[in-house]
Structures are given as C-alpha cells and as structure tokens.
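Hello,

Here is the structure I promised to pass on to you. Have a look at it first, and then read my notes below.

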Amino acid sequence: MPPSTHKIENAKSGRSKCKRCKETIANGELRIVTEAYSETRDMDFTSNYHTQCFKVPPRAMAGVSPEEFVDEHLEDCSNDDVLSDPETLAEIIADITLATNAPKKKKATKKKSKAEANEEEEDCRPVKKAKKAKKKAPVKSEEVTEDDDDTSDDSEKGDSSSASSTSEQQWVGCDSCGKWRKLPANMSPDTLPDEWHCNMNTWDTCFATCEAAEEEGA
C-alpha cells in the first residue's frame, strides 16, 4: 500500500471534524490532513486533525521525532507558509510533541463500565416501576382482584428482567488511526494489550484494517 501523505493547511470550511477529539475545525483554522490510498478498495481515505491533536503515527513512522516529521514529511499548503515562520513552526512542533507523548488512554472508556451500568440500573429500577404504575389504565371498579395484581407483578418482573439483561456496548480504539471498533459481548477490554491496532481485530475481519471506516455508533 502506498505510504500516507501529510499536509498542513487552513480549513476551507467549518464543516470538517478532528479525527482525534471529534470537535469541529473552524473555517481558516490550521489543520493537519492525512491522506491514504487503499488498493483493495481503490479509493482515498482522508483524516483531519487539529495540530494539537495530531500524533506521529507509531507504526508507520516508528522512531521519527515530531521535528523530523514536520521537516521531512509535512507539506506546507497553508495560506501564509506557516512552516517558514520560526515562531509558528515552533508552536506546531510543540503541539505535535505534546499529543505524541501524551499517555495512552485506557481502552474501552468510551462507554460506562459494566459495574457502573449495573449500579445505575439498580438505582433506576424503582423509578421505572413507578412510571409504569402511573401509565396503567384506570380499573372499572375500585376492587382489584388478586389475579390482576399477579398479572401486574409478572409484567413488572418481565420488564425488570429485560432491563437487567441489557449491557453497554464495549469499544476499543486503534492507536494508529484513532478509529473505534466494537468488542464482542463476551470479550472484556481488560484482556486487550495496552497498545492495540486494527489488524489485531480477529473477531470482525471487515474492520481489521485502518482503511476500514469507523463502525456505526462510535
């Protein structure tokens, strides 16, 4: 696969979003653009980053310092040739250095932990029952038979069982491309290595490369 290319430019609109922080990049703001071509899909993939969110790719450019990356791999396509200005150049290198050396985030922290979800679910169960009781249609007489009570109890137990069986979807983020991949229901994030990449996705080969689009719901 051809190597990725990197350039720094001013955002041409206010519609692009940073791949790392997911925030919008303002019109005219400096951004780093990564472009890669996939031979298998015969298409280009483009990712945009704030300068303070861009990390030197750990696999493709192992051992390359932020200074070397800017000097040898980053093409200046900005309106004012920002890499020619020593002060702006130093700020860009500092931003990339800070992002590259930042501690790795813990895997699968995008969703609440299972323990937190269970505690929250237990706290909410009495509230859910109260809401269901308010929505019940009024009985025709003041007397309520024992059968009616049993039916209501069974219905509430069924709802509670259904709610308790639901668990939050767990995710893992790629340390190369930053995309999120779904974990199987029976897989714990604690079993994954500290550094994880898309090609380690053995449970869903459709998303086992960095070229694959981020999964829906991420």
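**The loop at G14**

G14 sits in the loop that links β1 and β2; helices (H or I, at least four residues) and strands (E, at least two) are DSSP runs, numbered from the N terminus. Please keep in mind that this is a predicted model, in which local features need pLDDT of at least 70 and side-chain atom pairs count only at pLDDT 80 or more, while totals for chains, interfaces and linings use all residues. Residues are numbered from 1 along each chain as its sequence is written, and side-chain values use heavy atoms, with hydrogens and water left out.

G14 counts as partly exposed because its relative accessibility is 41% (buried means under 20% relative accessible area, exposed over 50%, partly exposed in between, with a 1.4 Å probe and protein chains only). Leaving aside its neighbours within four places in sequence, G14 is in contact with T24, I25, A26 and N27, where contact means heavy atoms within 4.5 Å. G28 is 14 residues from G14 in sequence, and their C-alpha atoms are 8.0 Å apart.

**The sheet**

Four strands form an open sheet in the order β3-β2-β1-β4, with mixed pairing (two strands pair if DSSP finds at least two bridges between them). At its edges are β3 (43–50) and β4 (74–76), each of which pairs on one side only. Strand β2 (residues 30–38) runs antiparallel to β3, and eight bridges join the two. V33 stands opposite N48 in β3.

**Helix α2**

Which residues of α2 are buried? They are I92, I93, I96 and A99. These cover an arc of only 130 degrees around the axis, so they lie on the same side of α2 (the arc is that of the directions from the helix axis to the C-beta atoms). The buried residues of α2 pack against β1 (5–10), β2 and α1 (66–72). On the face turned away from the buried side, α2 carries the exposed residues P86, E87 and L98.

**The loop at S176**

S176 is found between β5 (171–173) and β6 (180–182), in a loop. Beyond its neighbours within four places in sequence, S176 is in contact with P58, R59, H197 and C210.

Enjoy exploring!
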